Amino acid sequence: MWPKKSFDIEYRGCKIVVNENGFIAIGVNEKTQALKMLNEIMATALLLNIPFYAVKELELGTAEISPDKSEIGSRSMPMHVSLRTTAFEGEFTPKQRTGYDFNITREISEEQVKETIKQAELFTKNETIAELLIYLLESYSYLQGSEYNQTFIMGWMVIEKFINYLWDKFLEQKSTEIIGDRKNKLKNYTADRAVEILSLSGQINFKQYSLIIQMKNKRNRFLHKGEKVLEEDAKTIFKIESFLTKWLIWEILWGKGNSVEVPEFEVEESAI
């Protein structure tokens, strides 16, 4: 028997149908766009402390959504074995055929899922926030899979976005003092140069600067010398990334003017 429908809802103008077993169908024909939108929702859930993993393209199946009842009709899933595809197959296939018995599930209320989708709708109206959410989701998924190199690179990308955001705000504060070609020259400063000036001008404090430089040096040793990223390093940068993602979202949506105050990074001393 097919799992029953739980509810349907609109997301960015597209119909989403959620079944009681957690199967989600989104009314998007183009696979790349469907993947992006599903991961925006997964990332928002992660931001709201619901531990979701990134959806991979090879985990996407096809389904029909009936226009009259907004229910999931015929569907198919890829042969690739993952937690998601096997959990789906387990609804209809004996365990002996799949070879897996996945009971690692978490029940989430209908209200939680609806709230997550509504929050994702708000967040993804801004393309920068949408990007930040995907970085966070990918980083978390890599971390949980013990892929520490990838976790670190995704985390550093968010740190760079944070530096560039502060740099742009700083230049806006100094706009009356910057004229001619100097403006374009300053706007093209790399994150490496910008963070030094942000530190010297008091936009970030010494502790924040030191932590950023520590992460930058680890990144350089990985990229240029092939030095392995350790689990501790990956966990540290993910904590920084999580904090900065939340802070940047708040700043972008509700920040006022060019005046920016950065609170202390919420990273445990033992992890630094």
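Let me begin with a pair of side chains: lysine 15 and aspartate 8 meet in a salt bridge, at 3.1 Å from N to O, where a salt bridge is a side-chain nitrogen of Lys or Arg within 4 Å of a carboxyl oxygen of Asp or Glu. What you see is a predicted model, in which local features need pLDDT of at least 70 and side-chain atom pairs count only at pLDDT 80 or more, while totals for chains, interfaces and linings use all residues. Residues are numbered from 1 along each chain as its sequence is written, and side-chain values use heavy atoms, with hydrogens and water left out.

Back to that pair: lysine 15 is partly exposed, with a relative accessible area of 26%, and aspartate 8, at 30%, is also counted as partly exposed; here buried means under 20% relative accessible area, exposed over 50%, and partly exposed in between, with a 1.4 Å probe and protein chains only. Both residues belong to a network of salt bridges that links Lys5, Asp8, Glu10 and Lys15.

In one of them, the side chains of lysine 36 and glutamate 40 come to 2.6 Å, N to O. These residues are 4 apart in helix α1, residues 31-47, and so are separated by about one helical turn. Lysine 36 is partly exposed at 28%, whereas glutamate 40 is buried, at 0% relative accessibility.

The other joins arginine 219 to glutamate 160, with the closest N and O atoms 3.5 Å apart. This pair links distant parts of the chain, since arginine 219 is in helix α9 and glutamate 160 in helix α6, 59 residues apart. Arginine 219 is buried, with a relative accessible area of 12%, and glutamate 160 is partly exposed at 27%.

That brings us to α9 itself, which covers residues 206-225; helices (H or I, at least four residues) and strands (E, at least two) are DSSP runs, numbered from the N terminus. With 20 residues, α9 reaches 27 Å from its first C-alpha to its last, close to the 28 Å expected at 1.5 Å a residue, the expected span being 1.5 Å times one less than the number of residues. After the helix comes glycine 226, whose phi is positive, near 75°.

Which residues of α9 are buried? Besides Arg219, they include Tyr209, Leu211, Ile212, Ile213, Met215 and Phe222, and also Gln208, Lys216 and Lys218. What covers the buried residues of α9 includes α6 (148-173), α8 (191-200) and α10 (231-254).

On the surface, Leu122, Trp250 and Trp254 form a nonpolar patch with about 330 Å² of accessible area together, by the Shrake-Rupley method with a 1.4 Å probe, only the protein chains shown counting as cover for residues. Patches are made of residues with over 30% relative accessible area and no salt bridge, like charges being joined within 9 Å and nonpolar side chains (Val, Leu, Ile, Met, Phe, Trp, Tyr) within 5 Å. Leucine 122, in helix α4, residues 110-123, is partly exposed at 34%.

Finally, the whole protein: its secondary structure comes to 10 helices and 5 strands, and of its 272 residues, 41% count as buried. It exposes about 15,600 Å², of which carbon and sulfur atoms supply 50%.

Technical notes
Contact means heavy atoms within 4.5 Å.
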